[in-house]
Amino acid sequence: MKIASKTVSAVSLVKEALEKAKKYAEYNVFVSLNEEEALKKAEEIDARIAKGENVGRLAGVPYALKDNFLSEEGNTTASSKILEPFHAPITSTAVSKIEAEGAIMIGRTNLDSFAHGSSTENSYFGPTLNSHDKTRVAGGSSGGSAVAVALDIVEFATGTDTGGSIRQPASFNGVYGLKPTYGTISRYGVVAMASSTDVVGFFTKTPDDMNLLMSIAAGQDSKDMTTLPDFYDEEPKTIKRIGVIKDFDNDAVDQDIRDALAHKVELLKSKGYEIVELEMPTLKYALAVYYIVVPAEVSSNLSRHDGIRYGYRSEDAKSLGEVYGKSRNEGFMPENKRRIMIGNFVLSSGFYDAYYLKAQKARTKIIEEYNKAFEKCDCILTPVSPNPAFHLGEKVNDPVAMYLEDVMSVPINLAGVPSLAVPAGETADGLSLGLQIVGPRRSDKTLIEFSKELEEANE
């Protein structure tokens with residue numbers, strides 16, 4: 001570690017990161033900077049090193065925090081008006097773990113409000129711009145975090161992935177993004193979207209950095225009953241058979257992405273890997289299932305934001321009913337309201353059996369289909385999104401078109417299996433292309449190790 005060896009100082013790294021954050025302000029990456037506290041922490045780390053004390057594995061490394069993680073540093077807004085201002089009384093488990101190793105948060109990154117979206121255009125603070133083309137979206141919901149890493153402002157950033165919110169912006173910006181096995185990292189202290197599909201993950205520039213972060217953050221947490229016993233440091237398995245989903249090879253997928261996948265497949269064949277063609281017909285129902293199950297959970301999780309206990313309260317309300325109604329109407333973004341309404345509808349009397357119960361049964365079928373697929377192959381290689389980054393404003397007024405962005409990512413969240421987005425080249429006009437490696441539950445480390453071989457196969 002350069003800091004521990006006194007090659008560079010923590011203060012110099014933090015100052016450099018803050019300078020870059022200000023330099024790239026037009027990209028709208030950060031909703032707030034943590035300048036004073038970050039420099040104070042850097043000085044403390046440098047002082048400890050000067051005394052010869054041991055420091056953590058991330059000592060002095062600047063990072064960016066997606067603004068739906070609670071931390072006692074600054075305010076948590078989830079890029080919404082209704083949470084402005086909200087100073088959290090606790091720090092999330094994931095943040096506590098990485099900061100215990102010495103990582104320094106320089107700022108909070110922009111996201112689709114409450115992580116509802118696929119472009120970071122649904123933010124109260126305005127959209128984040130794509131790192132390669134400022135006329136295009138950064139992806140979402142973790143767009144700010146992806147761009148912070150892609151622009152080399154920080155070494156890594158946190159993200160959350162409910163239906164592709166780490167992998168899609170990673171793909172749009174040419175960085176690595178991991179959606180771990182459900183329950184690998186504690187969600188305690190993270191603003192909830194959909195509790196049965198939410199996961200905490202990271203954006204990095206290299207697989208080795210991802211491996212280090214996962215070894216730090218993974219593990220059971222008594223504050224989150226959905227966390228799994230720590231399995232991450234188990235020996236990774238060898239991948240020999242790679243599945244390719246035939247159902248995704250169609251004209252709905254951009255030709256550049258299909259070509260990138262075909263190129264990788266041919267390179268892997270030449271390296272001796274076995275390519276297995278998979279038929280997974282149930283996946284075509286995944287988007288419909290997702291947009292029933294997730295809004296149902298969203299409507300429940302967002303019910304706590306009512307203008308009474310914390311956050312924004314409408315000044316025009318003249319009764320208790322108006323406090324609820326006006327605060328929520330003024331405080332939530334359009335996509336938040338849309339998902340609340342859909343969720344309340346599918347859970348309402350007379351529609352629960354017709355929609356929600358059927359969706360949960362279909363979800364079980366999707367899980368079973370992945371289990372069968374992994375009997376035939378060790379991992380699956382597939383696109384993250386049907387297209388590269390699209391233009392700002394292109395889909396923001398067409399919810400169905402925006403939801404279709406998630407067609408290749410949401411099945412993985414419904415099944416609870418891990419997926420790693422990896423860079424896969426660029427289009428002729430310089431847009432990033434990404435693919436994802438999907439594995440069975442608890443194969444997170446195996447996927448990260450295999451991504452190194454996938455990277456080498458492209459050289």
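How many salt bridges does the count come to? The count comes to 24 salt bridges, where a salt bridge is a side-chain nitrogen of Lys or Arg within 4 Å of a carboxyl oxygen of Asp or Glu. The structure is a predicted model, in which local features need pLDDT of at least 70 and side-chain atom pairs count only at pLDDT 80 or more, while totals for chains, interfaces and linings use all residues. Residues are numbered from 1 along each chain as its sequence is written, and side-chain values use heavy atoms, with hydrogens and water left out.

Side chains of opposite charge can pair when their charged atoms come close. Helices (H or I, at least four residues) and strands (E, at least two) are DSSP runs, numbered from the N terminus. K41 is buried, at a relative accessible area of 19%. Buried means under 20% relative accessible area, exposed means over 50%, and partly exposed lies in between (1.4 Å probe, protein chains only).

R48 and E53 also meet through their side chains in a salt bridge, at 3.2 Å from N to O. R48 is partly exposed, with a relative accessible area of 35%. E53 is partly exposed too, at 38% relative accessibility.

A further salt bridge joins D233 to K445, with the closest N and O atoms 3.9 Å apart. D233 sits in the loop between α6 (207-217) and β7 (241-245), and K445 sits in helix α14 (residues 444-456), so the pair ties together parts that are 212 residues apart in sequence.

Helix α4 itself spans residues 143-150. Seven of its eight residues are buried, so α4 is largely enclosed by the rest of the structure. The buried residues are G143, G144, S145, A146, V147, A148 and V149. They pack against β1 (30-33), β2 (62-66), β3 (104-109), β4 (156-161), α5 (167-173) and β6 (199-204). Here contact means heavy atoms within 4.5 Å.

Helix packing comes next. Two packed helices are described by the angle between their axes and the distance between the axes. Axes are lines fitted to C-alpha atoms, for helices over the stretch in contact, and angles run from 0 to 180 degrees between N-to-C directions. Helix α8 (residues 286-301) packs on helix α10 (residues 334-347) at about 105°, and their axes are 7 Å apart. The two helices are therefore roughly perpendicular. Angles of 65 to 115 degrees count as roughly perpendicular, under 35 as roughly parallel, over 145 as roughly antiparallel and the rest as oblique. On the α8 side, the contact involves Y291, I292, P295, A296, V298 and S299. On the α10 side, it involves R339, I340, I342, G343, N344, V346 and L347. These residues divide into nine nonpolar, three polar and one charged. Ala, Val, Leu, Ile, Met, Phe, Trp, Tyr, Cys and Pro count as nonpolar, Asp, Glu, Lys and Arg as charged, and the others, Gly among them, as polar.

Helix α10 also crosses helix α11 (residues 352-376), at roughly 105°, with axes that come within 7 Å. That makes α10 roughly perpendicular to α11. F345, V346 and L347 in α10 meet Y352, Y355 and Y356 in α11. This contact has six nonpolar, no polar and no charged residues.

A disulfide is a covalent bond between the sulfur atoms of two cysteines. The search of the whole structure used a cut-off of 2.5 Å between cysteine sulfur atoms and found zero disulfides. The sulfur of C377 is 6.7 Å from the closest cysteine sulfur, in C379, which is too far for a bond. C377 is buried at 1% relative accessibility, and C379 is buried at 0%.

C377 is also among the contacts of V276. V276 is found in strand β8 (residues 274-278) and is buried at 13%. Leaving aside neighbours within four places in sequence, V276 is in contact with R241, I242, G243, V244, K376 and C377.
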